[in-house]
Every structure is written in C-alpha cells, then in structure tokens.
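Dear colleague,

Please find the sequence and structure below. My notes on them follow directly after.

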Amino acid sequence: MKNLYEMVKCAQAGEAEAMEALVERFMPLLRKHARELGYEDALEDLILFLIETVPSIPLERIGQENIGGLVRYIQAAVWHQLPKLRRRQREMMGYLEDLPLEVESPRSSLEEEVNFRLWLRPLTEKQKRIIQMSYLYQLSDQEIAGILGISRQAVYKIRQSAIKKLRKEWQ
C-alpha cells in the first residue's frame, strides 16, 4: 500500500485508483463535516471538493517526509470549504423560500384546473404545501423541512398522512 504522499502524487498524475484511495482515506473526515453541514448532498459536495483540490496540493512545499503536514493541509482545505458550502446552501434555501406556494398545476383548461384544486380540497394547507413541494417542485424532505421550519420526519409524516387522506377520499 502506498503512503499518503505517493497516493496524492499518483492522483495528481491522473490515476483514478489513487484518487479513490484518497477519498476513502479521508471519508471519516468528510462524513463528519457532511453531518455538520446537515443537508442531503453535503457528502457528495465534500467529495467533489476533495477531488478538485488534490491536483493543486503543493507536494514540493510540503515534502515527502511530512505526511502529517499533508494531512493537515487536506483537513484545513476541507475545513475552509465549509463556510462556502453553508453559504451556498442558505442561498439555495432562500431561493426555494421564494417559490410560490399556491398550488398551480400545469393544466391547459379551466376545467382541469378546477378538477386539480378539487382533488386537493380535503387536505390542510400544510399538507397541500408539502404535496406541492414534493411532487411539483420535486424537493427533498430535508429541503422542505428547511423551508417550513419543521423536522424532516414531520415532513414525511405529513406527506404520508396527506396521501392516505387522498386515497381514502378518492377511492
């Protein structure tokens, strides 16, 4: 097995196996920070950042004997990326909060529009919003939870309750 310095050098040379080994080696750190970020794709964003960062690591400055310095360099690079990812996630959530929350269907006729609204009539306002965000905007439970200020589990329960109510009503 190669040491960390050799893995980085091979990854910089374009060896996919070396890059995979690096990602695997730093996976505990990436998972920890992904949990801190708390959004659905955080781990993938951090892995992508690591892959993009490896080619720019200055191995000649760090030195082959200084494996600890190389580890600290990678840890610091990931740590400095966290505020950028948090800011990007907040901006995305702000964009999602600006989406119109009235149920609008892509129906072509007035009759279809009326039928669509009648179909959702048995639901509470919160259920309608969650159904719309889940199925029309295709947002994840985590994203919906952030917008509405409730837990992801609450979003799931409300959506399941709405589906159950609609099935019962329209059977």
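On the face of helix 3 that points away from its buried side sit the exposed residues Pro28 and Arg35. Exposed here stands for a relative accessible area over 50%, buried for under 20%, and partly exposed for values in between, with a 1.4 Å probe and protein chains only as cover. Helices (H or I, at least four residues) and strands (E, at least two) are DSSP runs numbered from the N terminus. The buried residues of helix 3, which spans residues 27–37, are Met27, Leu29, Leu30, His33, Ala34 and Leu37. These residues lie on the same side of helix 3 because they cover an arc of only 155° around its axis, the arc being that of the directions from the helix axis to the C-beta atoms. After helix 3 comes glycine 38, with a positive phi near 75°.

The model is a predicted one, in which local features need pLDDT of at least 70 and side-chain atom pairs count only at pLDDT 80 or more, whereas totals for chains, interfaces and linings use all residues. Residues are numbered from 1 along each chain as its sequence is written, and side-chain values use heavy atoms, with hydrogens and water left out.

As to the overall fold, the protein has ten helices and zero strands. Its elements, read from the N terminus, follow the order α-α-α-α-α-α-α-α-α-α. The protein has 171 residues, of which 40% count as buried.

Leucine 43 belongs to helix 4 (residues 42–53) and is partly exposed, at 23% relative accessible area. Its C-alpha atom is 6.1 Å from that of arginine 31, twelve residues away along the chain. Leucine 70, in helix 6, is buried at 1% relative accessibility. Between leucine 70 and isoleucine 57 there are 8.5 Å from C-alpha to C-alpha, at a separation of 13 residues in sequence.

I turn next to the charged side chains. Side chains of opposite charge can pair when their charged atoms come close. How many salt bridges does a search of the whole structure find? The search finds two, a salt bridge being a side-chain nitrogen of Lys or Arg within 4 Å of a carboxyl oxygen of Asp or Glu.

One of them joins arginine 159 and aspartate 141, at 2.5 Å from N to O. Arginine 159 lies in helix 10 (residues 152–170) and aspartate 141 in helix 9 (residues 141–148), so this pair ties together parts 18 residues apart in sequence. Both partners are buried, arginine 159 at 10% relative accessibility and aspartate 141 at 17%.

Glutamate 125 and lysine 128 also form a salt bridge, with their closest N and O atoms 3.5 Å apart. The two residues are three positions apart in helix 8 (residues 125–136), which means about one helical turn between them. Glutamate 125 is exposed at 57% relative accessibility, whereas lysine 128 is buried at 19%.

Finally, Lys84, Arg86, Arg87 and Arg90 form a surface patch of positive charge. For such a patch, residues need over 30% relative accessible area and no salt bridge, and like charges are joined within 9 Å. Arginine 87 is located in helix 6 (residues 67–97) and is partly exposed, with a relative accessible area of 41%.

With kind regards

Notes:
Patches are made of residues with over 30% relative accessible area and no salt bridge: like charges are joined within 9 Å, nonpolar side chains (Val, Leu, Ile, Met, Phe, Trp, Tyr) within 5 Å. Accessible areas come from the Shrake-Rupley method with a 1.4 Å probe; for residues, only the protein chains shown count as cover. Lys and Arg count as positive and Asp and Glu as negative; His and the chain ends are not counted. The place of a charge is taken as NZ of Lys, CZ of Arg, CG of Asp or CD of Glu.
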